[in-house]
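Here's a quick tour for anyone meeting this structure for the first time. Have a look at it, then read on for the ligand's surroundings, a sheet and some helix packing.

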Amino acid sequence: MIKIYDFTINHIEEASKTALMNYNEERAVVPALPALNALPGLEDYAKNNRGVAAMDGGKLLGFFCWHEPWDGLFGLSKGTCIEAHAHGAIKQNRAEIYDRLYQAAAEKLVAADVFSHCVILYEHNAEANHIFAQNGFGRRCVDAIRETTPIPVSGCEGITFRQAGKEDAEFLTVAGNGVGLHLSKSPMFMPYSGPDTVDDTIEGLESGDYLYFIALEKDHPVAYLCLKEGGEHFAANDASVMNICGAYTLPEARGSGVSAGLLSWLMDWLRERGYPRCGVDYECFNYASRKFWPKYFTPYTNGATRRIDERINTRLS
Ligand SMILES: CC(C)(COP(=O)(O)OP(=O)(O)OC[C@H]1O[C@@H](n2cnc3c(N)ncnc32)[C@H](O)[C@@H]1OP(=O)(O)O)[C@@H](O)C(=O)NCCC(=O)NCCS
């Protein structure tokens with residue numbers, strides 16, 4: 001019999017084991033994911049009463065914990081995110097456990113005017129994906145990963161590749177703004193706070209937080225990829241993973257294989273520097289991303305979102 005309680009310190013030990021078990025289930029299907037002994041801690045959720053646990057007597061069946069809600073998650077409403085390590089369920093009766101957990105969690109969240117919910121599900125956890133789709137969640141962000149094995153490409157004759165520097169700041173600015181503008185259009189509709197200036201780009205280059213790589217046709221840059229350490233998912237934060245955080249090809253050069261060529265060159269560059277894995281996150285409602293990235297990377301998360309009608313808490317007199 002499933003009973004729902006507030007998530008407390010007493011649940012942490014079993015919950016951590018469940019979360020690791022769920023990660024390892026995904027890793028069995030996506031072997032490019034790094035082997036991990038432990039996932040990020042759950043203490044903050046328990047101490048701040050931001051979670052629920054499903055129990056059968058003394059046995060933990062599942063748990064579901066959310067970040068401190070913040071204003072303006074995917075809109076004007078307050079929202080929160082449930083990270084991949086902050087929820088989990090045993091295999092038996094998993095769908096029912098998630099249904100009950102979300103019902104209890106959503107009740108608390110909506111009572112606190114938290115209307116925008118995002119849950120990071122493992123791509124191959126069929127029961128969890130099914131239940132959140134049934135609860136009105138839609139796919140939005142995807143984390144994907146690959147080993148830095150060679151990518152065979154053809155059709156890049158006359159194209160050269162290299163790491164970009166300050167001398168390329170003008171092109172990188174055009175390309176970075178190009179991504180922002182592209183994502184602001186239909187059907188993505190992601191507000192863009194730019195445009196960035198060349199000085200902003202130089203600042204990014206000088207910080208060392210971002211590494212840029214470009215493809216050149218007759219000495220003119222036509223495409224870029226941006227790389228950084230760390231990502232949003234804990235697997236992307238493993239020291240063995242470098243993460244792609246931006247890609248752009250000038251419209252007139254698209255479809256010629258230039259990004260594939262740059263990506264292939266980058267895999268060699270990473271491998272030679274001892275990085276065995278490369279990650280990327282993208283919005284699946286960006287058609288170009290959805291067509292491009294899965295050719296080379298294996299998705300391992302589905303960042304699913306639900307936007308609740310905020311009028312539910314409006315008191316009509
Ligand atoms: C995504 C993007 C970088 C791809 O660049 P590109 O140079 O056109 O890609 P390539 O020509 O190297 O294509 C490589 C493969 O992906 C496929 N592909 C790339 N874009 C595609 C699209 N829009 N539709 C269908 N397939 C696409 C190609 O067909 C090719 O596959 P193939 O080898 O089987 O023929 C480019 O479309 C772009 O700049 N888009 C706007 C910005 C953006 O969305 N960036 C990604 C999010 S950060």
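Helix α8 gives the most to the shell around the ligand, with five residues. Before going further, a word on the source: this is a predicted model, where local features need pLDDT of at least 70, side-chain atom pairs count only at pLDDT 80 or more, and totals for chains, interfaces and linings use all residues. Residues are numbered from 1 along each chain as its sequence is written.

So who sits around the ligand? There are 22 residues, and the closest are Thr 249, Arg 254, Ser 259, Ala 260 and Lys 291. Two or more residues each come from α5 (169–184), β12 (241–249), α7 (258–272) and α8 (287–292). Helices (H or I, at least four residues) and strands (E, at least two) are DSSP runs, numbered from the N terminus. By class, the shell has ten nonpolar, nine polar and three charged residues. Here Ala, Val, Leu, Ile, Met, Phe, Trp, Tyr, Cys and Pro are nonpolar, Asp, Glu, Lys and Arg are charged, and the others, Gly among them, are polar.

Now for the sheet. Four strands form an open sheet in the order β1-β2-β3-β6, with antiparallel pairing; strands pair if DSSP finds at least two bridges between them. β1 (3–6) and β6 (87–89) are at the edges with a single partner strand each, so one side of each has no neighbour in the sheet. Inside it, six bridges join β2 (residues 51–56) to β3 (residues 59–65), and Asp 56 has Lys 59 of β3 as its bridge partner.

Axes are lines fitted to C-alpha atoms, for helices over the stretch in contact, and angles run from 0 to 180 degrees between N-to-C directions.

| Helix | Strands touched | Angle to β3 |
|---|---|---|
| α3 | β1, β2, β3 and β6 | about 45° |

Helix α3 (residues 94–111) also packs with α4 (residues 126–134), at an angle of about 40° and with axes 9 Å apart. That makes α3 oblique to α4: under 35 degrees is roughly parallel, over 145 roughly antiparallel, 65 to 115 roughly perpendicular, and the rest oblique. The contact uses Arg 94, Ala 95, Tyr 98 and Asp 99 of α3 and Glu 127, Ala 128, His 130 and Ile 131 of α4.

Definitions and conventions: Near = placed C-beta within 6 Å. Contact = placed C-beta atoms within 7 Å.
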